[in-house]
Amino acid sequence: MGGHEVYPDGAPRIGVYVCHCGLNIAGKVDVHEVVAFARTLPFVVVAREYKFMCSDPGQELIREDIRELNLNRVVVASCSPLLHEATFRRVLEQAGQNPFFFQMVNIREHVSWVTEDPRQATEKAKALVAAAVRRVIFHEPLQRRRVPVKDRVLVVGGGIAGIHAALTLADAGKHVYLVEREPTIGGHMALFDKTFPTLDCAACILTPKMSAVASHPNITLWTYSEVIGVEGFVGNFRVRVRRKPRYVIEELCVGCLQCIDACVYKDARFPDEFNLGLGKRKPIYIPFPQATPRVVLIDPETCIWFKTGKCKRTCLEACERKAIDFEQRERIEEIEVGAIILATGFKTFDPRRIPEYGYGKYPNVYTALEVERLVNAAGPTGGEVRLRDGRTPQRVGIIHCVGSRDERFNRYCSRVCCMYSLKLAHLIKERTGAEVYNFYIDMRTPGKGYEEFYDRLLQEGVHFIRGRVAEVTDWAITPEEEGKLIIRVEDTLIGVVRRIPVDMVVLAVGLEPQPDADAVRRMFNISCSKEGFFLERHPKLAPVSTFTDGIFLAGACQGPKDIPDSVAQAGAAAAEAMALIDKGYVELEPNTAYIVEELCSGCKTCVGLCPYNAISFDEVRAVAVINEALCKGCGTCVAACPSGAARQHLFEDAQILQEIEGVLAYV
């Protein structure tokens, strides 16, 4: 180990603290033996054990020893550094020591939880403690750097989650940029008629919040726009937004809709995207009457002027405010923000992937979202449930778990399908008096008032058949099945296969990540779960944070959830962003990489490998340069550098080699 003179801050005086973690560690590891072993290691002044080292008494124990025994290094053997490394570093700081004269040993996840034999677990824990003691001697007195934070926030996605997050921040005095790719905010909630379990009017809840967004002085609303580039780091993001042309000047349009009436197409001919193709629209249109902003747009794919250049352009003449601009082009806006909230939502499962259910083959097989539009008073049928031939259905079957809880597609439960199926069963029965069947695997109603709503449906006489539907067909066997859709299902409660003839089939489709979720996660440099939803930093302790500091999640982009959960998460994300901005600065961890310029050969190997775009190349000096504000300390460049010029604080060669020697010397 060498003499004391090699340590510029004086001889190492190390304290070792071993945690029982209740029985999580002590159930496998002989903590007393590990502590006794630690006392024999070089430079160890004190070694102690405690039931819960992260508790206040455990932390105070370390602080007292630092002060009274003049400790200048600390090793804690307990749980994951991800959980409590920051806690113990803060303890050192409070006791007047540099927080980076600390090393944590994970003897819970790495030892007790994965080692069957108690003897082997104890020996492994001793080896890891020996390694940490050797390593911590070579730690450096690093310092965190502070970077100022810009006081503006970008919210991506204008569904209920994005709207709530934007309003929360704006009401707190922060300036918010709300970017939505569709022509209007509102998201999926704008499609609904009622919300479960209270059957509140969705529009009555949503549209006032949409109007509040449009009129709020602290919100810049950009609809029909997409984020196309993100650079920078926490507190200082530079974002580029593509604003697609509406061919209508937003600042001049007042939403009088006279241009729609004046269009050369007297009748609506083209599938209406907002009504999922169940209704028609003109080339110049507004998505729905309460759209926000209340600004029309022109579809160049269906407008005669854009297709042929030959049109009377009566819409242009009808607009007194001269808001229509056929020469409008897309433009790029660049903004700087301190934090970003992603609320990009979800897409519904495409039931064409399950051909046995007949969607796209039989005209009277609908998705649940299509039925949401049929029961909506502002929908294509004025709230009347009608089949495509205009008949009122007398018998309706609702098939649960379409695309969810299925090994072929999505193994997860989409959480909302049971409840919205019950809601639609109630609304269909209320509007038509039809006999309604729900075909379910398991009924899942875990929210506030949800089970009571299920009981209400049972009392209303809705039929519930437990079993996964095998197929939907029009093949009739008996006269009563003629002209009907036949649902073939095994009723597992009575143990028979049943054939249920119905007029209408509703597929309760599950929730999936947006089609471009992978491209979005790459742009914002965050992670996805195996299902494709954006991944939070920690499912319990950091459910709205991501692994990229300053970027937060809200709503169903993080996983399937209902409206109350989406709103709650949006509020949490807004609070996290607000806390970041109000602090005024961020502290950057010093475990970053750096370049020893004398050794750098200018090969640029590290530049392309850096996942955080933190490395650039200085052409004048012909060396790589690392931006410490962007560097996350992943070590990729350090491992790849052929000349050894790339190095990393807290992972210096001497520290790693001593750690390895500590393990080998003990073993």
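How many bridges join strand β3 to β4? Let's find out, view by view, in this predicted model.

**View 1. Strands β3 and β4 run side by side.** Strand β3 (residues 73-78) runs parallel to β4, and five bridges join them. Here, strands are DSSP runs of E with at least two residues, helices are runs of H or I with at least four, and both are numbered from the N terminus. Look for Val75, which stands opposite Gln103 in β4, and for Ser78, which stands opposite Asn106.

**View 2. Four strands make an open sheet.** The order is β2-β1-β3-β4, with parallel pairing (two strands pair if DSSP finds at least two bridges between them). At the edges, β2 (44-50) and β4 (102-106) each pair on one side only.

**View 3. Helix α3 packs on the sheet.** Residues 81-94 form helix α3, which touches β3 and β4 (contact means heavy atoms within 4.5 Å). Its direction makes about 150 degrees with that of β4; axes are lines fitted to C-alpha atoms, for helices over the stretch in contact, and angles run from 0 to 180 degrees between N-to-C directions.

**View 4. Strand β4 is largely enclosed by the rest of the structure.** Five of its five residues are buried (under 20% relative accessible area, with a 1.4 Å probe and protein chains only). Phe102, Met104 and Asn106 point one way from β4, while Gln103 and Val105 point the other way.

**Reading notes.** Residues are numbered from 1 along each chain as its sequence is written, and side-chain values use heavy atoms, leaving out hydrogens and water. Local features need pLDDT of at least 70, side-chain atom pairs count only at pLDDT 80 or more, and totals for chains, interfaces and linings use all residues.

Key: Buried < 20%, exposed > 50% of the residue type's maximum accessible area, 1.4 Å probe, protein only.
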